[in-house]
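Me: I'd like to go through this one together, question by question. Could you begin with the ground rules?

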Amino acid sequence: MNQNSPGRGSLDDDVEMLAMNGAAKQQEQKPLNGAPYKPADESSDSDDDEFDGDEGQRGLLESPGHHDGQRREYAGSSRLETAGKLWHKVKSIVVEAAPALLMTTISLLFTGKLLDSVSRWDAMLQVDQLIMIIPTVLNLQGNLEMNLSARLSTAANMGELDDPKVMRAMLLGNWTLLQVQAISVSFVAACVSLILGKIVPRAESIAVETPPSNSTLAIRHILEARKPIPHLPPEAGVRHSGFPTLIMVAATAMSSAFLSGLILGSFMCFLIVICRKFRLDPDNIAPAVASCLGDLVTLCLVGFVSTLLLPFLRTPIPFILGILMVITAVVCLVYTVRNPHVRSLITEGWSPLFAAMVISSATGIVLDMFVSRYEGFAILAVVISGLPGAAGSIFVSRLSTSLHAAAMSANSSLRASEPSRKLVMVTLLLITIPVEIIFLAVLNAFGWLNLHVFFVVFSIIFFCCAVLASLTIALHLTDWLWSKNRDPDMYALPIHSALMDLIGQLLLVLCFEIVTKLGAKLHVRT
């Protein structure tokens, strides 16, 4: 074209503009960390060029309405793509955690029904301290099993269980550590139960049939704060006390804890290995399973062992059994100290176990008055405290695994595919709400409770509050423990579980108060 042609200046301006755009693109493509630039594939380049061409055309022509249909189509496909990515990130949580949480709720309900039956056995009616140790031993075993599942889940996701030799050493070491903690704390629980039996006053019997003592009724109310216990009829029976009773209760607690650790500990180790083999995330499954099975199995064992030992109450057999449990704890302690994978854990995790025991005892004492005031409180307390606690335990386990992986700079692919914390919290909240609705529907369908509409609405609202509180406490507690150089796998779950028992039941009390003020009443069907 001639230099003096009319279109020459316009062409030069266009060329200059294109050159400036090319330089800008090269500047944008320059990596921040000095990494070599990797061009995208041709298909993505063509898509980007087409999109940039549309943007340039709209800018030059100044026509904002141009290609509106294509823009809306692009926005719709972008939203679908975003939704697909979100589902891909939370799919494992929904598919793996939802059945575990549903099983947790069902297990807690059956545990309450079983406790109703066990509390009528002769051993429980004749030895008050056996009733007293049940809440402590149940909470103890649940916390220990959840700690075990959290530690092994972290090890599995970190790849530490991929070596068969290391896997055997870690599983056996964690199992022996579990036995040391279970036997030791259960003995302390037996001593505390004897002290409570002496402090709590007894009611003097004024009839031929001896009703349950005040201490038994008080502890049953404490149990009702966590487990569904119907009103018990007066039962006759001879009551035992003194030093032989302490030996019998201690032997029952320690042997039940040992057997529970033997059965549940082995099962949890097997579950973690199976999850790893089939590429499932144990963080989504193991804590909830440990929470639901811990109470059920331990309660069965306490009732079974106490029934076996009751005829031998005045014989040396309970004392011999207690000595055997102490020897077992010492042997497990020696192996744990010699195991390099768990040696450092032997001095950790004791304070949260005892703190959780104190919080649980205070929870039962504070809420004793409300259990007797509201009909149906015990049954509903199962889901409003147990289910949010199980969801929070899953969140704690996932957070702990992420923190360990980041600290060890391992499994970068695992961390890259991890959903954000807020996304995990929202997902866990959404999958627990249907479980709550199913639970209330089952109660109404089986005729256990006659639910008022107001109560259903407010119970779901306060249940959501309990879940949000559980997840928030799990988040901040885990981060705080990590900042204090404390392993969340050892410290977080016992405190979190005990706090959720308290918060969940207080929210249930508030729900009953509000519904009662509105004029609605909840009746238990007989």
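Reply: Happy to! Buried means under 20% relative accessible area, exposed means over 50%, and partly exposed is in between (1.4 Å probe, protein chains only). The model is predicted, so local features need pLDDT of at least 70 and side-chain atom pairs count only at pLDDT 80 or more, while totals for chains, interfaces and linings use all residues. Residues are numbered from 1 along each chain as its sequence is written, and side-chain values use heavy atoms, leaving out hydrogens and water.

Me: Does F319 count as buried, partly exposed or exposed?
Reply: F319 lies in helix 10 (residues 317–338); helices here are DSSP runs of H or I with at least four residues, and strands are E runs of at least two, numbered from the N terminus. Its relative accessibility is 46%. Because that value lies between the 20% and 50% cut-offs, F319 counts as partly exposed.

Me: About what area does the nonpolar surface patch with F319 and V331 have?
Reply: A patch takes residues with over 30% relative accessible area and no salt bridge, joining like charges within 9 Å and nonpolar side chains (Val, Leu, Ile, Met, Phe, Trp, Tyr) within 5 Å. Areas come from the Shrake-Rupley method with a 1.4 Å probe, and for residues only the protein chains shown count as cover. F319, I320, I323, L324, I327 and V331 make this patch, which is about 550 Å².

Me: How many residues of helix 13 are buried?
Reply: Helix 13 covers residues 377–408 and reaches 46 Å from first C-alpha to last, close to the 46 Å expected; the expected span is 1.5 Å times one less than the number of residues. The helix is largely enclosed by the rest of the structure, because the buried count among its 32 residues is 28.

Me: Which residues does S393 touch, not counting those up to four places away in sequence?
Reply: S393 lies in helix 13 and is buried, at 1% relative accessibility. Contact means heavy atoms within 4.5 Å. On that basis S393 touches M146, P287, A288, L493 and H496.

Me: How many salt bridges does a search of the whole structure find?
Reply: A salt bridge needs a side-chain nitrogen of Lys or Arg within 4 Å of a carboxyl oxygen of Asp or Glu. With that rule, the search of the whole structure gives a total of three.

Me: How far apart in sequence are the parts that D281 and R398 tie together?
Reply: D281 and R398 form a salt bridge, with their closest N and O atoms 3.3 Å apart. D281 lies in the loop between helix 8 and helix 9 (286–309) and R398 in helix 13, so the separation is 117 residues.

Me: And how far apart are the closest N and O atoms of D479 and R421?
Reply: D479 is partly exposed at 27% relative accessible area, and R421 is partly exposed too, at 34%. Their salt bridge has its closest N and O atoms at 2.7 Å.

Me: Last one: which residue caps the N-terminal end of helix 17?
Reply: Helix 17 (residues 488–517) is mostly covered, with 21 of its 30 residues buried. A polar contact is a pair of N or O atoms within 3.5 Å; within protein one must be able to donate a hydrogen and the other to accept it, and residues adjacent in sequence count only if both atoms are side-chain atoms. Here a side-chain oxygen lies 3.1 Å from the backbone nitrogen of D489, and the capping residue is D487.
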